[in-house]
Amino acid sequence: MKVCVKLFAVARDKTGQSSIEIELPDDATIRDLRAALAKECPALSPLLPATRIAVNSEYAADHTPLTADAEVALIPPVSGG
Amino acid sequence: MIRLTHDPIDSAAVLASVSSRAAGAVVLFLGTTREFTAGKQTASLDYECYPEMAEKKLAELEAEARRRWPLEECAVVHRLGHLEIEEASVAVAVSSPHRAAAFEAARWLIDTIKQDVPIWKKENWADGSQEWVHPGLAAKEAS
C-alpha cells in the first residue's frame, strides 16, 4: 500500500517536499514506516529518533498498524506556545 | 474556545471572551517574542502548524483543563506566520471562581501546549541565519 506522510518544519526543509509517498506492505506498522523512511530518505534519517509520528491526528506508537487511507504525519519536536 | 490565527492577537478580546459573572479570577498568559535567546539575537520568528492536529490537540487540552479545574471559561489563541519582537504568539486565558485554579490551569495549559501541540517556530536570527526550533534535535539538523 502507498502511505502518504505529511512533512513539516525541518522535515519539509530537508526534503523540499510537504509530503512524501512510501510503499509499504499491507500489514506495515509505524516501526516499518520509520525503517522505510530512513532507507528511502536519507535526509530525514537523523531526525527520526526524536520525531513522533501521528496517524489521523493522534500520536502513534511504533506498533500501531497503518492503513492506506490513514493520514500520517512526521511531527518533529514541537516548539509552539 | 480555541483559535489558530494569522492575525495579531487581541488581548482585550481574549479577556472579554472568558468574562463570567461566576468568576472571581481571570488569568491571561501571553507568550511574546523575545529578542535574545542564549546570547543570540532574534530578528523575527515564523510559526507554522499541522492545522487539523493542532486544533484537535488544543481542543483536547481545553477539555482536560476543564476536567481538572473548576473553570468558567477558557480561551487559547495561537498565532501563525511572521512575528516581530514583542508580538504575542499565544494567549491563554481562563476564568474561575477562585484564583488558585485560574493560575494552575493557565500554567498547565501553556506548559502542555509547548509539549504536545504540532506547532513549530523558526528563528530568523539577526545574523541572517535561520533555524527551526526542535528541542532535542541536534542543532545542525534543525537548519
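Author: Contact here means heavy atoms within 4.5 Å. By that criterion, 33 residues from chain B and 25 residues from chain A take part in the contact between the chains. This is a predicted model, in which local features need pLDDT of at least 70 and side-chain atom pairs count only at pLDDT 80 or more, while totals for chains, interfaces and linings use all residues. Residues are numbered from 1 along each chain as its sequence is written, chains are lettered from A and ligands numbered from 1 in the order in which they are written, and side-chain values use heavy atoms, with hydrogens and water left out.

Chain B and chain A bury about 2,300 Å² between them, with 53% of it on carbon and sulfur atoms; buried area is the accessible area (1.4 Å probe) that two parts lose on being put together, summed over both. Of the area that chain B buries against chain A, 25% comes from B:Y50, B:W120 and B:E141, more than from any other three residues.

Polar links also join the chains. Between chain B and chain A there are 17 residue pairs in polar contact, both residues being at pLDDT 80 or more. A polar contact is a pair of N or O atoms within 3.5 Å; within protein, one must be able to donate a hydrogen and the other to accept it, and residues adjacent in sequence count only if both atoms are side-chain atoms. Elements giving two or more residues to this side of chain B are β4 (40–49), α2, β7 (88–96), α3 and β8 (119–125), where helices (H or I, at least four residues) and strands (E, at least two) are DSSP runs numbered from the N terminus.

Four salt bridges are counted between chain B and chain A, each a side-chain nitrogen of Lys or Arg within 4 Å of a carboxyl oxygen of Asp or Glu. The side chains of B:D116 and A:R52 form a salt bridge at 3.3 Å, N to O. Another salt bridge pairs A:R12 with B:E48 at 2.8 Å, N to O; this pair runs from helix α1 (residues 9–15) of chain A to strand β4 of chain B.
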